[in-house]
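User: Please take a close look at one part of this model. Then place that part in its wider setting.
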Amino acid sequence: MKQKLTLYELNELVSETLQTVMPDEYWVEAELSEVREVRGHCYMELVQKDEQTNTPIAKASAKCWKNKWMLMRPYFERMTGQSLRAGMKVLLKVYANFHEAYGFSWIITDIDPVYTMGDMARKRQEIIAQLKAEGVFDLQKELTLPLFAQRVAVVSSEQAAGYGDFLRQLQDNDAGLCFDVQLFPAVMQGEKVEQSVINALNQINNQVDNFDVVVIIRGGGATSDLSGFDTILLAENVANFPLPIITGIGHDRDESVLDMISFQRVKTPTAAAAYLVEHLRNTWHRIDDAEQEIIQIVRHAMELEKNRFDLLTSKIPFLFSRVKLQQLTHLQQCQQRLTTSARLHVHKAQQHIEVHSARLFPTIQRLLLDTRHHLNLLEQRCSLLDPQLLLKRGYSITLHQGRAVRNAHQLKAGDEIETRVEKGIIKSTVK
């Protein structure tokens, strides 16, 4: 009997063989024919086409798991300024994977955005990143186009058809608006674009008070012709320019660095003229609308004031008599309240005086009696302390220089002393 394998066993054998034979990761160039995201995972269909016939000559499925894709996608979009889409050429880092149930696919572990961007696009992104790092990328957007932007400085080639279209569109506007245009010639393609446009901007800056806005225009052309407008020096000059700058230097599908940092980007020179005409027309309409609104407001206010004045005039006699009556009534009420209040206050004061008078007399009598008794007691105490009483009892008092002698050691020989008895004074000399 022949040896048999189940489908799972066969697929498992293929998986083991791939892991053994192709264990490494590989960088592969391919075009995306389909990109979809499901539950955070990214699924891609890769294709390679014949350069002559554009016929697919190789196809494969690729997957990027969620944990990798959540890091790769923001990085790719930040670097390229766009998301993955069908028709985009990419450079992917992959390894081979064969699942027993789902078959073969390439597992993506990395993506190189530089490959997708290309040399020109990469250079453009580097300039944009530098402008943002310097903080000048949005400076033009912070400016304000004057309401009466009629003095226009134009940077363009004098012989360019786009400049002629710009003038015709500006001069032949249906509103009859007037503009003062001054051309500052510059080379608009080739290697001299950068320095030529910067020189023109410098000339405008020297007389900046004579202009309201700057317009940089050129006709169409290949995308490669726009490379002269993708330079860091020119971008810095435009970003820091004190007047709003309008650019119309490419087709709708092309956007240069200059377009990105300018105050306003339009498709063509004709569109730039139309933008200025429309802006001035809007200003005119605003003035006209404001004039009509002011007239209506003044008329309405005058009508309201006239009606109010007439109404007040008719009410004045009635209001005067009514107010007079109210004030007289109020005065009478105040007089009555004042009289009643005064009488009540006087009556209360009289009662208060009578009450205090009745209380005051007994209090004074009691205070006099207490004081007299206290004086008698003091008199008795003083009489008991009278020294004459002591002398009558046979005691004497010895004085030296008018002071009582309490200690014999206070005296010395020769001192004269006085001794007072009940009847008389005895003078002695100490021996």
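Which residues of the largest nonpolar core touch the most other members?

Analyst: First, the ground rules. This is a predicted model: local features need pLDDT of at least 70, side-chain atom pairs count only at pLDDT 80 or more, and totals for chains, interfaces and linings use all residues. Residues are numbered from 1 along each chain as its sequence is written, and side-chain values use heavy atoms, with hydrogens and water left out.

Now the core. V155, V197, L201, V214 and I216 touch the most other members, out of 32 residues in the largest nonpolar core. Such a core is a set of buried Ala, Val, Leu, Ile, Met, Phe, Trp, Tyr and Cys residues joined through side-chain atoms within 4.5 Å. Buried means under 20% relative accessible area, exposed over 50%, and partly exposed in between (1.4 Å probe, protein chains only).

Six elements each supply at least two residues of this core: α3 (113-134), β6 (151-156), α5 (193-206), β8 (213-217), α6 (232-239) and α7 (257-261). Helix α5 gives the most, with six residues. Helices (H or I, at least four residues) and strands (E, at least two) are DSSP runs, numbered from the N terminus.

Next, the charged contacts. The whole structure holds twelve salt bridges, each a side-chain nitrogen of Lys or Arg within 4 Å of a carboxyl oxygen of Asp or Glu. One of them joins E278 and R281, with the closest N and O atoms 2.9 Å apart. These two residues are separated by about one helical turn, because they sit three residues apart in helix α8 (residues 269-384). R281 is buried at 16% relative accessibility, while E278 is partly exposed at 36%.

Another salt bridge pairs R36 with E34, at 3.3 Å between the closest N and O atoms. R36 is partly exposed, at 36% relative accessibility. E34 is also partly exposed, at 36%. R39 lies in the loop between β1 (26-38) and β2 (41-49). Its phi is near 50 degrees, a positive value in a residue other than glycine. R39 counts as exposed, at 71% relative accessibility.

A further sheet has four strands. It is open, antiparallel and ordered β12-β11-β13-β14. Its edge strands are β12 (403-404) and β14 (425-429), each pairing on one side only. Two strands pair if DSSP finds at least two bridges between them. Strands β11 (residues 397-400) and β13 (residues 416-420) have three. I397 has R420 of β13 as its bridge partner. Q401, in the loop between β11 and β12, has a positive phi near 55 degrees and is not glycine. Q401 is exposed, with a relative accessible area of 72%.

D415 and K412 meet in a salt bridge, 3.5 Å from N to O. D415 is buried, with a relative accessible area of 10%, whereas K412 is exposed at 56%.
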